[in-house]
Amino acid sequence: MRVVAPVLFLLTVSLSACAQVVSPVEGESWLAHLHRSFDETSMGKSSHVYGPAPPMPSEWPLPLPALQLSNKFTGQSTTLYGSDLYRFKCQGCHGTSGIGAPPEINSVIDPVRATSASMYIERMKKVGMDVTSKEAVPLARQAKDMLLDRLHRGGTDMPSPNPNLTDAEVRSLFAYLRQLAGIPGAEKQQVPVVEPALRVGEHIVKSICHICHASVGHNPSPQELAEGQIPPLSSLTSRLSLNQFVTKVTVGTPVLEGSPAIPVRGHMPAFIYLTPDEAADAYLYLSLYPPHN
């Protein structure tokens, strides 16, 4: 793994590009809000859906990710597309296809298909109903308005988009959702958005990490961690170096379990769809914007 400079050196970045939009993560985790434990969720029961299946003990140690930080880690902006925003905002629960993990997590694709008048007409034909374009267009427009509102504000059974998405981000994410849903021509309508590194880190922390980790709280002991307690986000940068954090997020780290003790994947899923640079952006964000209540 590449040797990385001390974090304090890396924190000498310009905040002017993102000072108006980036804010600290705060409050309880989404699981605590739902009064559910991690083990009760589809993510906890089948982490291979969101990362590789737990390796055999003989496969440890796993190769470390190549941490080759790009210029964006030092504060330069990067161009994201809806596919990137989908990874940050949606994929942790809905998976790469958008179908979710029924019955716990419903499809995000079905509401998107409802925004296409042609798809609505085709679906009605399959159930023996003829719908005209004049009838379908206003229904599709209404479905689009409802979906865009949900992307802005969230729903009762999903975390609110946190951080709140800008209009440009919503347009970009919606364009990719249309492509994912197979709406004809959507692949030619993708919307690029220029984002600073700290905004990328904020998306990842608030939309992925904050599902399970509270912003602040009790800092578990090693034994409590082995028993499944989840440390708060405020403790991560003191618990882990930059390299350790990136490895844990993108590859996973082993814990010893059983008798005799053997190494198995840690309790946290490995988010293999995040790049090492993106995980480093999350670490930078947590360092510069300490979580609070």
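Biologist: Quick one to start: is Ser 29 buried or exposed?

Modeller: Ser 29 counts as buried, at 5% relative accessibility. Do keep in mind that this is a predicted model.

Biologist: Noted. Where is Ser 29 found?

Modeller: Look in the loop that runs between helix H1 (7-10) and helix H2 (30-34).

Biologist: And what does the side chain of Ser 29 reach?

Modeller: It reaches the backbone nitrogen of Ala 32, at 3.0 Å.

Biologist: Leaving out residues up to four places away in sequence, which ones does Ser 29 touch?

Modeller: There are contacts from Ser 29 to His 210, Ile 211, Cys 212, His 213 and Ala 214.

Biologist: Let me step back for a second. How many helices and strands does the protein chain have?

Modeller: The chain has 14 helices and four strands. Of its 293 residues, 43% are buried. Among the contacts with a separation of 6 or more, 69% are between residues 24 or more positions apart.

Biologist: Now H4. How many of the eight residues of H4 are buried?

Modeller: Seven of the eight are buried, so H4 is largely enclosed by the rest of the structure. The buried ones are Gly 82, Asp 84, Leu 85, Tyr 86, Arg 87, Phe 88 and Lys 89.

Biologist: What covers the buried residues of H4?

Modeller: The cover includes strand E1 (78-80), helix H5 (91-94), H9, strand E2 (193-195), helix H10 (197-212) and H14.

Biologist: Let's talk packing. Which two numbers do you use to describe packed helices?

Modeller: The angle between the axes and the distance between the axes.

Biologist: Great, so at what angle do H4 and H9 pack?

Modeller: About 95°, and their axes are 7 Å apart. That angle makes H4 roughly perpendicular to H9.

Biologist: Which residues of H4 and H9 make the contact?

Modeller: H4 brings Gly 82, Ser 83, Leu 85 and Tyr 86, while H9 brings Glu 169, Ser 172, Leu 173, Tyr 176, Leu 177 and Leu 180. By class, the residues of this H4 and H9 contact are six nonpolar, three polar and one charged.

Biologist: How about H10: how do the axes of H4 and H10 cross?

Modeller: They cross at roughly 40° and come within 8 Å. H4 is therefore oblique to H10. On the H4 side the contact is made by Leu 85, Arg 87, Phe 88 and Lys 89, and on the H10 side by Val 200, His 203, Ile 204, Ser 207 and Ile 208. The contact of H4 with H10 divides into five nonpolar, two polar and two charged residues.

Biologist: Changing topic to rings. What does the count of aromatic pairs come to?

Modeller: Four aromatic pairs. One of them is Tyr 86 with Tyr 176, a tilted pair at 5.7 Å centre to centre and 55° between the planes. This pair links distant parts of the chain, with Tyr 86 in helix H4 (residues 82-89) and Tyr 176 in helix H9 (residues 167-180), 90 residues apart.

Biologist: Does Tyr 86 come out buried or exposed?

Modeller: Tyr 86 is buried, at a relative accessible area of 1%.

Biologist: How far apart are the C-alpha atoms of Phe 271 and Val 249?

Modeller: They are separated by 5.8 Å, with the two residues 22 apart along the chain. Phe 271 sits in the loop between strand E4 (262-265) and helix H14 (276-288), and it is buried, with a relative accessible area of 7%.

Biologist: And the C-alpha atoms of Ala 280 and Val 246, how far is that?

Modeller: The separation there is 6.1 Å, across 34 residues along the chain. Ala 280 is in helix H14 and is buried, at a relative accessible area of 0%.

Methods
Residues are numbered from 1 along each chain as its sequence is written. This is a predicted model: local features need pLDDT of at least 70, side-chain atom pairs count only at pLDDT 80 or more; totals for chains, interfaces and linings use all residues. Side-chain values use heavy atoms; hydrogens and water are left out. Helices (H or I, at least four residues) and strands (E, at least two) are DSSP runs, numbered from the N terminus. Buried means under 20% relative accessible area, exposed over 50%, partly exposed in between (1.4 Å probe, protein chains only). Rings of Phe, Tyr and Trp (its six-membered ring) pair if their centres lie within 6.5 Å; planes under 30 degrees apart count as stacked, over 60 as edge-to-face and the rest as tilted. Contact means heavy atoms within 4.5 Å. Axes are lines fitted to C-alpha atoms, for helices over the stretch in contact, and angles run from 0 to 180 degrees between N-to-C directions. Angles under 35 degrees count as roughly parallel, over 145 as roughly antiparallel, 65 to 115 as roughly perpendicular and the rest as oblique. Ala, Val, Leu, Ile, Met, Phe, Trp, Tyr, Cys and Pro count as nonpolar, Asp, Glu, Lys and Arg as charged, and the others, Gly among them, as polar. A polar contact is a pair of N or O atoms within 3.5 Å; within protein, one must be able to donate a hydrogen and the other to accept it, and residues adjacent in sequence count only if both atoms are side-chain atoms.
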